[in-house]
Amino acid sequence: MLVLASFVLSLPLTVCIDPGHPSEVGEGTAGNNVSEIHIAWAVAKKLETILEQKHVRVVLTKHSENQFVKNMERSKIANDCNANLFVRLHCDSSNGSGFATYYPDRQGTVRGFTGPSPELLEKLGPIAKHFHASLHDGLKGFLKDNGLMSDIKTAVGSKQGALTGSIYSHVPVVLVEMCVLTNPKDESLVSSDAGQQRLAEALARATVSAISPDK
Ligand SMILES: [Zn+2]
(Lines give C-alpha, C1' and ligand atoms only; values in the text may rest on other atoms or scores of the structure.)
Protein backbone atom coordinates (compact mmCIF):
# COMPACT_ATOMS: atom_id res chain seq x y z
CA MET A 1 0.00 0.00 0.00
CA LEU A 2 2.83 2.35 0.82
CA VAL A 3 4.35 1.74 -2.57
CA LEU A 4 1.04 2.38 -4.29
CA ALA A 5 0.44 5.56 -2.29
CA SER A 6 3.83 7.01 -3.16
CA PHE A 7 3.29 6.07 -6.79
CA VAL A 8 -0.01 7.95 -6.86
CA LEU A 9 1.56 10.98 -5.17
CA SER A 10 4.40 11.07 -7.67
CA LEU A 11 2.18 11.00 -10.76
CA PRO A 12 3.56 13.79 -12.92
CA LEU A 13 1.60 16.90 -13.66
CA THR A 14 0.89 17.51 -17.33
CA VAL A 15 0.88 20.99 -18.82
CA CYS A 16 -0.17 21.81 -22.36
CA ILE A 17 1.56 24.95 -23.65
CA ASP A 18 -0.08 26.68 -26.57
CA PRO A 19 2.08 29.26 -28.38
CA GLY A 20 -0.52 31.46 -30.08
CA HIS A 21 -0.92 31.78 -33.86
CA PRO A 22 -0.98 31.15 -36.72
CA SER A 23 -4.60 29.99 -36.50
CA GLU A 24 -7.91 30.70 -38.21
CA VAL A 25 -7.88 34.00 -36.26
CA GLY A 26 -4.73 35.00 -38.11
CA GLU A 27 -1.07 35.72 -37.66
CA GLY A 28 -1.46 37.79 -34.51
CA THR A 29 0.15 41.13 -33.85
CA ALA A 30 3.69 42.43 -34.29
CA GLY A 31 5.98 45.06 -32.87
CA ASN A 32 8.47 47.06 -34.87
CA ASN A 33 10.99 44.24 -34.95
CA VAL A 34 9.37 41.05 -33.77
CA SER A 35 6.13 39.11 -34.25
CA GLU A 36 3.71 37.73 -31.66
CA ILE A 37 4.23 34.29 -33.23
CA HIS A 38 7.95 34.48 -32.50
CA ILE A 39 7.67 35.75 -28.91
CA ALA A 40 4.99 33.19 -28.02
CA TRP A 41 7.13 30.38 -29.50
CA ALA A 42 10.36 31.54 -27.83
CA VAL A 43 8.73 31.83 -24.39
CA ALA A 44 6.89 28.51 -24.87
CA LYS A 45 10.15 26.66 -25.57
CA LYS A 46 11.81 28.20 -22.49
CA LEU A 47 8.74 27.40 -20.40
CA GLU A 48 8.84 23.80 -21.66
CA THR A 49 12.47 23.45 -20.52
CA ILE A 50 11.82 24.89 -17.06
CA LEU A 51 8.72 22.75 -16.49
CA GLU A 52 10.52 19.59 -17.59
CA GLN A 53 13.29 20.40 -15.11
CA LYS A 54 10.52 20.43 -12.48
CA HIS A 55 9.46 16.95 -13.70
CA VAL A 56 6.29 18.25 -15.30
CA ARG A 57 5.18 16.46 -18.48
CA VAL A 58 4.82 19.05 -21.24
CA VAL A 59 2.83 18.85 -24.46
CA LEU A 60 3.04 21.67 -27.01
CA THR A 61 0.25 22.42 -29.48
CA LYS A 62 2.78 23.07 -32.26
CA HIS A 63 5.97 21.37 -33.46
CA SER A 64 7.41 24.43 -35.19
CA GLU A 65 7.09 28.18 -34.87
CA ASN A 66 5.02 28.80 -38.01
CA GLN A 67 2.83 25.70 -37.89
CA PHE A 68 -0.84 26.53 -38.52
CA VAL A 69 -3.17 25.02 -35.89
CA LYS A 70 -6.86 25.87 -35.55
CA ASN A 71 -8.02 26.90 -32.07
CA MET A 72 -10.34 23.88 -31.79
CA GLU A 73 -7.38 21.63 -32.57
CA ARG A 74 -5.29 23.36 -29.90
CA SER A 75 -7.96 22.51 -27.30
CA LYS A 76 -8.16 18.93 -28.56
CA ILE A 77 -4.42 18.50 -27.98
CA ALA A 78 -4.82 19.80 -24.40
CA ASN A 79 -7.84 17.53 -23.86
CA ASP A 80 -6.14 14.45 -25.32
CA CYS A 81 -3.17 14.73 -22.96
CA ASN A 82 -5.56 15.40 -20.05
CA ALA A 83 -3.56 18.48 -19.11
CA ASN A 84 -3.74 19.74 -15.53
CA LEU A 85 -3.47 23.19 -17.10
CA PHE A 86 -3.71 24.46 -20.67
CA VAL A 87 -1.55 27.61 -20.85
CA ARG A 88 -2.08 29.74 -23.94
CA LEU A 89 0.56 32.38 -24.75
CA HIS A 90 -0.20 35.54 -26.70
CA CYS A 91 0.89 39.18 -27.03
CA ASP A 92 -1.59 42.04 -27.25
CA SER A 93 -1.83 45.12 -29.42
CA SER A 94 -3.25 48.26 -27.82
CA ASN A 95 -2.28 51.70 -26.58
CA GLY A 96 -1.41 50.31 -23.16
CA SER A 97 1.36 48.12 -21.81
CA GLY A 98 1.82 45.06 -19.66
CA PHE A 99 0.33 41.60 -19.21
CA ALA A 100 -3.07 40.14 -18.39
CA THR A 101 -4.55 36.70 -17.76
CA TYR A 102 -7.88 35.67 -19.31
CA TYR A 103 -10.07 32.70 -18.38
CA PRO A 104 -13.63 31.62 -19.13
CA ASP A 105 -15.96 32.50 -16.23
CA ARG A 106 -19.10 31.43 -18.11
CA GLN A 107 -20.02 29.23 -21.03
CA GLY A 108 -19.69 30.39 -24.60
CA THR A 109 -20.99 29.06 -27.91
CA VAL A 110 -19.18 28.71 -31.20
CA ARG A 111 -20.60 27.02 -34.31
CA GLY A 112 -23.44 25.59 -32.20
CA PHE A 113 -21.11 24.04 -29.61
CA THR A 114 -21.38 25.26 -26.01
CA GLY A 115 -18.63 24.97 -23.38
CA PRO A 116 -16.75 24.65 -21.16
CA SER A 117 -18.76 22.53 -18.73
CA PRO A 118 -20.16 24.10 -15.53
CA GLU A 119 -18.01 21.64 -13.53
CA LEU A 120 -14.86 22.88 -15.24
CA LEU A 121 -15.85 26.53 -14.77
CA GLU A 122 -16.26 25.92 -11.04
CA LYS A 123 -12.89 24.20 -10.77
CA LEU A 124 -11.13 26.79 -12.94
CA GLY A 125 -11.99 29.97 -10.99
CA PRO A 126 -9.62 29.33 -8.06
CA ILE A 127 -6.92 27.94 -10.37
CA ALA A 128 -6.99 31.09 -12.54
CA LYS A 129 -6.87 33.36 -9.48
CA HIS A 130 -3.93 31.45 -8.04
CA PHE A 131 -2.15 31.44 -11.42
CA HIS A 132 -2.52 35.17 -11.92
CA ALA A 133 -1.51 36.07 -8.35
CA SER A 134 1.71 34.11 -8.78
CA LEU A 135 2.35 35.64 -12.20
CA HIS A 136 1.86 39.09 -10.65
CA ASP A 137 4.60 38.31 -8.10
CA GLY A 138 6.93 36.87 -10.74
CA LEU A 139 6.65 39.85 -13.08
CA LYS A 140 6.66 42.61 -10.46
CA GLY A 141 8.93 45.44 -11.58
CA PHE A 142 9.21 43.95 -15.07
CA LEU A 143 5.82 44.33 -16.76
CA LYS A 144 2.68 46.15 -15.65
CA ASP A 145 -0.13 43.92 -14.37
CA ASN A 146 -3.45 44.59 -16.11
CA GLY A 147 -5.21 41.97 -14.05
CA LEU A 148 -7.14 38.72 -14.26
CA MET A 149 -10.07 39.05 -16.64
CA SER A 150 -12.95 37.09 -18.07
CA ASP A 151 -12.70 35.86 -21.67
CA ILE A 152 -15.64 38.18 -22.40
CA LYS A 153 -13.24 41.13 -22.15
CA THR A 154 -11.61 39.96 -25.41
CA ALA A 155 -12.97 40.79 -28.87
CA VAL A 156 -13.81 37.16 -29.71
CA GLY A 157 -15.03 36.36 -26.18
CA SER A 158 -17.42 39.31 -26.16
CA LYS A 159 -19.21 37.79 -29.16
CA GLN A 160 -19.10 34.11 -28.16
CA GLY A 161 -19.22 34.31 -24.34
CA ALA A 162 -15.76 32.74 -24.16
CA LEU A 163 -12.71 32.26 -26.37
CA THR A 164 -12.91 29.40 -28.90
CA GLY A 165 -10.03 27.57 -27.21
CA SER A 166 -11.87 27.83 -23.87
CA ILE A 167 -15.20 26.65 -25.27
CA TYR A 168 -13.69 23.43 -26.60
CA SER A 169 -11.49 22.83 -23.55
CA HIS A 170 -12.23 19.96 -21.16
CA VAL A 171 -9.27 20.93 -18.97
CA PRO A 172 -8.48 24.09 -16.96
CA VAL A 173 -7.41 26.82 -19.37
CA VAL A 174 -5.82 30.27 -19.04
CA LEU A 175 -4.65 32.63 -21.75
CA VAL A 176 -1.86 35.09 -21.01
CA GLU A 177 -1.39 38.24 -23.03
CA MET A 178 2.26 38.47 -22.01
CA CYS A 179 2.82 42.07 -23.08
CA VAL A 180 1.60 44.74 -25.47
CA LEU A 181 3.86 44.13 -28.43
CA THR A 182 2.87 47.37 -30.14
CA ASN A 183 4.34 49.23 -27.15
CA PRO A 184 8.06 49.78 -27.91
CA LYS A 185 9.09 49.44 -24.25
CA ASP A 186 7.24 46.13 -23.85
CA GLU A 187 8.61 44.94 -27.18
CA SER A 188 12.17 45.63 -26.13
CA LEU A 189 11.64 43.84 -22.76
CA VAL A 190 10.30 40.63 -24.32
CA SER A 191 12.68 40.61 -27.28
CA SER A 192 15.78 39.83 -25.23
CA ASP A 193 16.74 36.34 -24.18
CA ALA A 194 16.81 37.49 -20.55
CA GLY A 195 13.33 39.00 -20.82
CA GLN A 196 11.91 35.82 -22.34
CA GLN A 197 13.57 33.79 -19.58
CA ARG A 198 12.04 36.05 -16.94
CA LEU A 199 8.59 35.55 -18.47
CA ALA A 200 9.06 31.79 -18.75
CA GLU A 201 10.21 31.47 -15.15
CA ALA A 202 7.25 33.49 -13.87
CA LEU A 203 4.86 31.43 -16.01
CA ALA A 204 6.40 28.17 -14.78
CA ARG A 205 6.03 29.18 -11.14
CA ALA A 206 2.46 30.37 -11.72
CA THR A 207 1.57 27.15 -13.53
CA VAL A 208 2.99 24.78 -10.94
CA SER A 209 1.62 26.71 -7.98
CA ALA A 210 -1.85 26.88 -9.54
CA ILE A 211 -2.15 23.15 -10.10
CA SER A 212 -0.09 21.63 -7.29
CA PRO A 213 -2.40 19.61 -5.04
CA ASP A 214 -0.85 21.12 -1.88
CA LYS A 215 -1.36 24.74 -2.92
ZN1 LIG B 1 -2.80 36.54 -30.17
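Reply: In this predicted model, the zinc ion is coordinated by His21 through NE2, Glu36 through OE and His90 through ND1, at 2.1 to 2.2 Å. Donors are N, O and S atoms within 2.8 Å of the metal (3.2 Å for Na, K and Ca), and water is not among the atoms, so sites may look incomplete. Along the sequence, the donor residues follow the spacing H-x14-E-x53-H. Histidine 21 lies in the loop between strand S1 (14-19) and helix H2 (36-53), while glutamate 36 belongs to helix H2, 15 residues apart. Helices (H or I, at least four residues) and strands (E, at least two) are DSSP runs, numbered from the N terminus.

Histidine 21 is buried, at 8% relative accessibility, and glutamate 36 is buried as well, at 2%. Buried means under 20% relative accessible area, exposed over 50%, and partly exposed in between (1.4 Å probe, protein chains only).

S1 runs parallel to strand S2 (residues 57-60), and four bridges join them; two strands pair if DSSP finds at least two bridges between them. Within this pair, isoleucine 17 stands opposite leucine 60 in S2. From S1 the chain passes through H2 to S2 in a right-handed β-α-β crossover, that is, with the strands pointing away from the viewer, the path from the first strand over the helix to the second runs clockwise.

Residues are numbered from 1 along each chain as its sequence is written, and side-chain values use heavy atoms, with hydrogens and water left out. Local features need pLDDT of at least 70, side-chain atom pairs count only at pLDDT 80 or more, and totals for chains, interfaces and linings use all residues.
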